[in-house]
Amino acid sequence: MSADVHAIRTVETLLEVLDLDATQARTTEDIFTGSSHPMPSGRIYGGQVLAQTLLAAERTLPEDRAVHSMHGYFLRPGDAAQGITIAVDRIHDGRSFSTRRTQAYQNGVPIFSMIASFQDADPGVEHAEPMPEGVPEPESLAPDEERVPGLTGGALRMLSERAADIRHIDSPLYLPNDDERVPRQGVWMRLRAPLPDNQRLHRAALAYLSDMTIQESILRAHGVSWALPGLKVASLDHAMWWHRPARVDEWLLYEQESPNARGGRGLATGRIFTRDGSLVASVAQEIMIRVPVDHA
C-alpha cells in the first residue's frame, strides 16, 4: 500500500468514528451512538470521546453557534470493542450563548462527562500570546514512527496507523532517552490527509488531537518514558478553549508545559498555534501518574 493511500485510509477511519448516528430514542435528552477505533490496549482513546461528545452537542445547535470552551471528566476506562451512547442535555440557549451537558455511556454507565459552551461570532477586544521563536520546521523532523528504533508490536502499529502525523521537536518519549529533564515540550501535528471544509469537524478533530502527547510534559520532567515498566497513567479531566478557526490537516504547533505534579497527579497545559503564528486553542489536563518507587 502506498504512503498516500495509507494516509487517506487512516483519516477515513477517523471520519467514520466521528460520524455519529442520531437515534429515535428520546427522553429529555438527544441521543446519539458511535463506534471506536481499535486500540492495542483495548481502551478507548480519550481524544476520540472528546471529539464525539463535542460533535453530538453541536448537532443540537445552529451551524453558526460554535464551541468556545469545554470542561470534561474521564470517569471510567472505555472499551474500544463496544459502541458508545451519547446523551446531550440542552441546558441553556441564550441570545448569544448556549450550554450543553453531554455524557458518553457504555453498559449503562457514564465513561465521560462534559459541559461545553457555544457562542455566536461577536466582535471584541483581541490579543494573543505569540508563537515561540526558533522552532524547527516540521519538514526538518521525521515522523515519530521513524524515530523509535526497537519499538515493536502494538505500540509501533499505534503510531504508524493513527490518523495524525506527530513530530516531536525533542526525542519522542515512547522509548527511554537521555534528553534534559524539563517540564515542557513541543510537537508538530496534523492529520495525514485532508478533511472536508467543515469547521465543526475541524474543531472536533482539534479536540481529538489535543489529547495526544500533552501528558508528556509531566513525564519528561522526571525522565519517564511510556516504556517504563510499572508506569500507570490515566487522564482525569480535560479542558479546552477554542480561540480562532484552524484546519487540522495543516501543520499545527502544540507547545506544552507542566506547572505542577504532586500526590500522584500531574497538571499539563498547552497552546496550539497555526504555522503562521496564530493562537488557535488552549488546553489543560490533569492526569493520575504512578511511577515505580525505584525509578531514579
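What follows is a short tour of aromatic pairs and salt bridges in this predicted model.

**Aromatic pairs.** Across the whole structure, a search turns up two of these. Start by selecting Tyr45 and Tyr208: the ring centres sit 5.0 Å apart with the planes at 80 degrees, so this pair is edge-to-face. Tyr45 belongs to the loop between strand 2 and helix 2, while Tyr208 is in helix 4, so the pair ties together parts that are 163 residues apart in sequence. Both tyrosines, Tyr45 and Tyr208, are buried.

Next, pick Phe74 and Phe112. Here the centres are again 5.0 Å apart, but the planes make 45 degrees and the pair is tilted. Phe74 comes from strand 3 and Phe112 from strand 6, 38 residues apart. Phe74 is buried at 17% relative accessible area, and Phe112 is buried at 1%.

**Salt bridges.** The search finds 17 in the whole structure; let's stop at a few. Select Arg200 and Glu58, which meet at 3.8 Å, N to O. This bridge links helix 4 to helix 2, 142 residues apart. Arg200 counts as buried at 10% relative accessibility, and Glu58 is buried too, at 1%.

Move on to Arg192 and Glu145, whose closest N and O atoms are 3.2 Å apart. Is Arg192 buried or partly exposed? At 21% relative accessibility, Arg192 counts as partly exposed, whereas Glu145, at 18%, counts as buried.

Last stop: Arg167 and Asp165, bridged at 3.0 Å, N to O, and both buried.

Technical notes
Residues numbered from 1 in each chain as written. Predicted model: local features only at pLDDT ≥ 70, side-chain atom pairs only at ≥ 80, totals over all residues. Heavy atoms only, no water. Phe/Tyr/Trp six-rings, centres within 6.5 Å; stacked < 30°, edge-to-face > 60°. Helix = DSSP H or I, 4+ residues; strand = E, 2+ residues; numbered from the N terminus. Buried < 20%, exposed > 50% of the residue type's maximum accessible area, 1.4 Å probe, protein only. Salt bridge = Lys/Arg side-chain N within 4 Å of Asp/Glu carboxyl O.
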